[in-house]
Amino acid sequence: MAKSSSPFVTYHSLMALSTSDRAHSYVEAATAMADALSANAAESERLRMVAPASVDLLAEAGLWKLLPPASVGGAEAGLRTLVDTLLVTCASDPAAGWVQ
């Protein structure tokens with residue numbers, strides 16, 4: 001494949017950004033809390049906002065700092081990691097996926 005002269009980042013290059021073990025650890029963290037998020041989904045619906053327990057889980061797992069650069073306290077995990085964790089979070093509790 002010839003190298004593109006386009007200044008835009010391609011989909012495939014974005015997907016390749018998060019293949020590190022650290023990135024996989026975020027997906028594993030999202031998977032580990034999936035049952036708890038599912039258990040909180042009914043409360044989120046009742047409250048009409050994400051259940052506080054789910055907010056705490058997302059924060060503890062570090063899922064809100066996936067994309068920002070390390071220079072500002074982010075994880076620099078990449079777009080693929082964000083999407084992969086969102087797939088798990090949204091399958092467990094769609095409301096939690098909105099805030100992740």
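**Helices and buried residues, one question at a time**

Mentor: Start just past a helix. α4 is followed by G62, whose phi is positive, near 80°. Remember that this is a predicted model.

Trainee: Which residue just after α3 takes a positive phi?

Mentor: That is R48, at about 65°.

Trainee: How many helices and strands are there in the chain?

Mentor: Six helices and zero strands. Along the sequence the pattern reads α-α-α-α-α-α.

Trainee: Why is N40 called buried?

Mentor: Set the value against the cut-off. Buried means under 20% relative accessible area. N40 has 13%, so N40 counts as buried. N40 sits in helix α3.

Trainee: And what makes S54 buried?

Mentor: The cut-off is again under 20%. The relative accessible area of S54 is 0%, so S54 is buried. Its place is in helix α4.

Trainee: What does S54 touch, not counting residues up to four places away in sequence?

Mentor: L37, N40 and D93. Now take N40, leaving aside neighbours within four places in sequence. N40 is in contact with A51, A53, S54, L57 and D93.

Trainee: How far apart are N40 and A53, in sequence and in space?

Mentor: They are 13 residues apart in sequence, and 7.3 Å apart in space, C-alpha to C-alpha.

Trainee: How do you know that the span of α3 agrees with what 14 residues should give?

Mentor: Compare two numbers. At 1.5 Å a residue, α3 should span 20 Å. Its end C-alpha atoms are 19 Å apart, so the span agrees.

Trainee: Where does α3 bend?

Mentor: At N40, by about 35°. N40 also belongs to the buried set of α3, along with A34, L37, A41 and S44. That set packs against α2, α4, α5 and α6.

Trainee: How is a pair of packed helices described?

Mentor: By the angle between their axes and the distance between the axes. For α3 and α5, the angle is about 35° and the axes are 8 Å apart. The contact uses A34, L37, S38 and A41 of α3, and V88, T89 and S92 of α5. By type, the contact residues are four nonpolar, three polar and no charged.

Trainee: Why do we say that the buried residues of α4 line one face of the helix?

Mentor: List them first. S54, L58 and A61 are the buried residues of α4. Look down the axis: they fall within an arc of 70°, so they line one face. Their cover includes α2, α3, α5 and α6.

Trainee: What makes the buried residues of α2 a one-face set?

Mentor: The buried residues here are A23, Y26 and A30. Seen down the axis they stay within an arc of 55°, so they line one face of α2. They pack against α3, α4 and α5. On the other side, D21, E28 and A32 are exposed.

Trainee: How far does α2 reach from its first C-alpha to its last?

Mentor: With 12 residues, α2 reaches 16 Å, close to the 16 Å expected at 1.5 Å a residue.

Trainee: What share of the chain counts as buried?

Mentor: Of the 100 residues, 33%.

Trainee: Among contacts between residues at least 6 apart in sequence, what share joins residues at least 24 apart?

Mentor: The share is 59%.

Conventions:
Residues are numbered from 1 along each chain as its sequence is written. This is a predicted model: local features need pLDDT of at least 70, side-chain atom pairs count only at pLDDT 80 or more; totals for chains, interfaces and linings use all residues. Side-chain values use heavy atoms; hydrogens and water are left out. Axes are lines fitted to C-alpha atoms, for helices over the stretch in contact, and angles run from 0 to 180 degrees between N-to-C directions. Helices (H or I, at least four residues) and strands (E, at least two) are DSSP runs, numbered from the N terminus. Contact means heavy atoms within 4.5 Å. Ala, Val, Leu, Ile, Met, Phe, Trp, Tyr, Cys and Pro count as nonpolar, Asp, Glu, Lys and Arg as charged, and the others, Gly among them, as polar. The expected span of a helix is 1.5 Å times one less than its number of residues. The bend at a residue is the angle between axes fitted to the seven residues ending there and the seven starting there. Buried means under 20% relative accessible area, exposed over 50%, partly exposed in between (1.4 Å probe, protein chains only). The arc is that of the directions from the helix axis to the C-beta atoms.
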